[in-house]
Amino acid sequence: MDPDECCDSGCVPCERDRDGVAPLDLENYIGGKFVSHSNDDWLNVLEPATGYRFARVPLSEPKDVDTAVAAARAAQPDWGALSHAERADWLDRIADALEAKYEEIATLESQDTGKPISLAREVDAHRSVTNFRFFAGLIREHVEEQFEMADATNIVISKPVGVAALITPWNLPLYLLSWKVAPAIGMGNTVVCKPSELTPMTANLLMETLHEIGLPAGVVNLVHGSGEGAGAPLTSHPDVDLVSFTGGTATGAKVAEAAAPQFKKLSLELGGKNATIVFDDCDIEKTVNGVARAGFLNSGQVCLCGSRILIQETIYDEFVGKFVDAVKSMKIGDPSDEATELGALISAEHLEKVESYVALAGEEGGTLLTGGNPAMAGEFEHGNWLAPTIIADLSTDSRCSREEIFGPVVTLHKFESEDEAVAIANGTDYGLAGSVWTGDLAKGQRVAEKIHTGMVWINTWLHRDLRVPFGGVKNSGVGREGGRWSLGFFSEPLNICLKHD
Ligand code: NAP
């Protein structure tokens, strides 16, 4: 199809390349080599901000997954036999090599996801390096536990689980992949990664980096492709022992269905619809800024984003006025501009989904306080743009207030009492995170303890200590990763009981 005709008809501009720039064809990384996939099917990788194609990702098939799993299986005994200290040294080498590519990671991530370069540096590049460095330290310090009995000693050693499937989404590509790869290989497993087909670039960069530093072949393998074509065969593969999945709740259910009959070890980090509770004794200026960041970081495409904002009625009007002003002043546009605060949404399909929720909010009785499609000029005309959107007057039972939208859309709700705030916060099927904003820390903690989620921040949001457990309850997931919880998940404890003479 003629690309211009394609764009004029309003569909995704599927094959517009920058003048004279051919798209980069990615390859799988299996057994220490970059290899072609076994068919000739490709998917175009588009810049969310412009619609330009800049790469093609292989649409691998089960045969490719088999080869990758076999390579991981073959490498596991030798890799698993290394000491914790030796594997920690490898993690540090990876961190050093990634740190040398800090700017490249940020630039690729910004191009691939449409997020602002400043965010890609501060969050994505920074955490990708830190994840390897952090787990290197934790694994080096890891000590086997012992339990003494009157006549025996129990030693608990942590053994690798085996071959791990690591499946990651598009919103924080290398950040989340490194969050899994580091503890998985650190504890002696070998892995097969399947990044989102929408954002494969930094996963490819990680493979190049591992190749350059000479990580033993087969320890980390990568199969590109779609969820159905590559993800599903990986999670159901009989020679995969563990699945660590981060993504949407509906996909998580499919992954659980595939993994459960084979009793694979499973961790599911899924969607969220997190409440932000604003009490009338908060510091209003700081809270407005914190709540705006929680609602709109990465254009709301963070599982932890506070997309339901519950405001005590005594300060509702004052808070909403200041909040709307703060949000309207956010700078949306060219992701490579240092001043940009909000970039493009990941894809035209996702934009359409988010916009359908904004339309639904109108039908459900909501009032749009700010939002809409910003007018973008020049090459950004074909990007996936939506201004930060605030919706008031929706019932807390409405679909827009309970379902995950995963875009720059927040809903506002009034509450009178602590109990009412907790009831609204708990009134969704999700249970990932939340935040409470108050001048009374005892009240903040009391409320936090009643919120049915895995994480609650008080007077802050996304303030991360990598040692703490990360994960959710209800439809937001199963299990915890982070710190020693990751080390536990990516290992099998073996108890050896030594009877004394
Ligand atoms: P998604 O559609 O569920 O995809 C996640 C990953 O699973 C992608 O690599 C996808 O591949 C793959 N996949 C799709 N179908 C599969 C199947 N049947 N078997 C195995 N793998 C399959 O999620 P997304 O749209 O990428 O990400 C957004 C979601 O992730 C949101 O719901 C967000 O809340 C959640 N999330 C959660 C956390 C957390 O820590 N709790 C963190 C970040 C994001 P393709 O992309 O190639 O189809």
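**Domain arrangement and local features of the predicted model**

The protein chain is divided into domain 1, comprising residues 18-270 together with 477-494, and domain 2, comprising residues 275-466. The structure described here is a predicted model. The C-alpha centres of domain 1 and domain 2 are separated by 30 Å.

The interface between the two domains was examined next. The size of an interface is often expressed as the accessible area that is lost when the parts come together. Between domain 1 and domain 2, about 2,300 Å² is buried, and carbon and sulfur atoms contribute 58% of this area. On the residue level, 30 residues of domain 1 are in contact with 29 residues of domain 2. Two salt bridges are found across the interface of domain 1 and domain 2. A salt bridge also joins the side chains of R121 and E338, with an N to O distance of 3.0 Å. Polar contacts between domain 1 and domain 2 amount to eight residue pairs, both residues of each pair being at pLDDT 80 or more. On the side of domain 1 that touches domain 2, the elements that give two or more residues are α4 (102-113) and α5 (117-141). Of the elements on this side, α5 gives the most, with eight residues.

Residue T202 lies in helix α7, which spans residues 201-213. With a relative accessible area of 0%, T202 falls under the 20% limit and is therefore buried. Apart from neighbours within four places in sequence, the residues in contact with T202 are I105, L108, E109, P173 and L174.

Two sets of paired strands were considered. Strands of a sheet pair through backbone hydrogen bonds, in either a parallel or an antiparallel sense. Strand β5, residues 53-58, pairs with β1 in the parallel sense over two bridges. Within this pairing, A55 of β5 is the bridge partner of L24.

Strand β16, residues 389-392, is paired with two further strands. Strand β15 (residues 367-370) runs antiparallel to β16 and is joined to it by three bridges, with T367 standing opposite A392 of β16. Strand β17 (residues 409-415) runs parallel to β16, again with three bridges between them, and T411 in β17 is the bridge partner of I391. Along β16, T389 and I391 point one way whereas I390 and A392 point the other way, and all of these residues are buried.

Two residues were examined for their backbone geometry. Most residues other than glycine have a negative phi. S299, although not a glycine, has a positive phi of about 55 degrees. S299 is placed in the loop between α10 (284-296) and β14 (306-312). Its relative accessibility is 3%, so S299 counts as buried. D393 likewise is a residue other than glycine with a positive phi, in this case near 70 degrees. The position of D393 is in the loop between β16 and α13 (399-402). The relative accessible area of D393 is 52%, which is over the 50% limit, and D393 is therefore exposed. Thus S299 is buried, whereas D393 is exposed.

Key:
Residues numbered from 1 in each chain as written. Heavy atoms only, no water. Helix = DSSP H or I, 4+ residues; strand = E, 2+ residues; numbered from the N terminus. Buried < 20%, exposed > 50% of the residue type's maximum accessible area, 1.4 Å probe, protein only. Contact = heavy atoms within 4.5 Å. Pairing = 2+ DSSP bridges. Domains from an automatic or database assignment. Buried area = accessible area lost by both parts, 1.4 Å probe. Salt bridge = Lys/Arg side-chain N within 4 Å of Asp/Glu carboxyl O. Polar contact = N/O pair within 3.5 Å; in protein donor to acceptor, adjacent residues only side chain to side chain.
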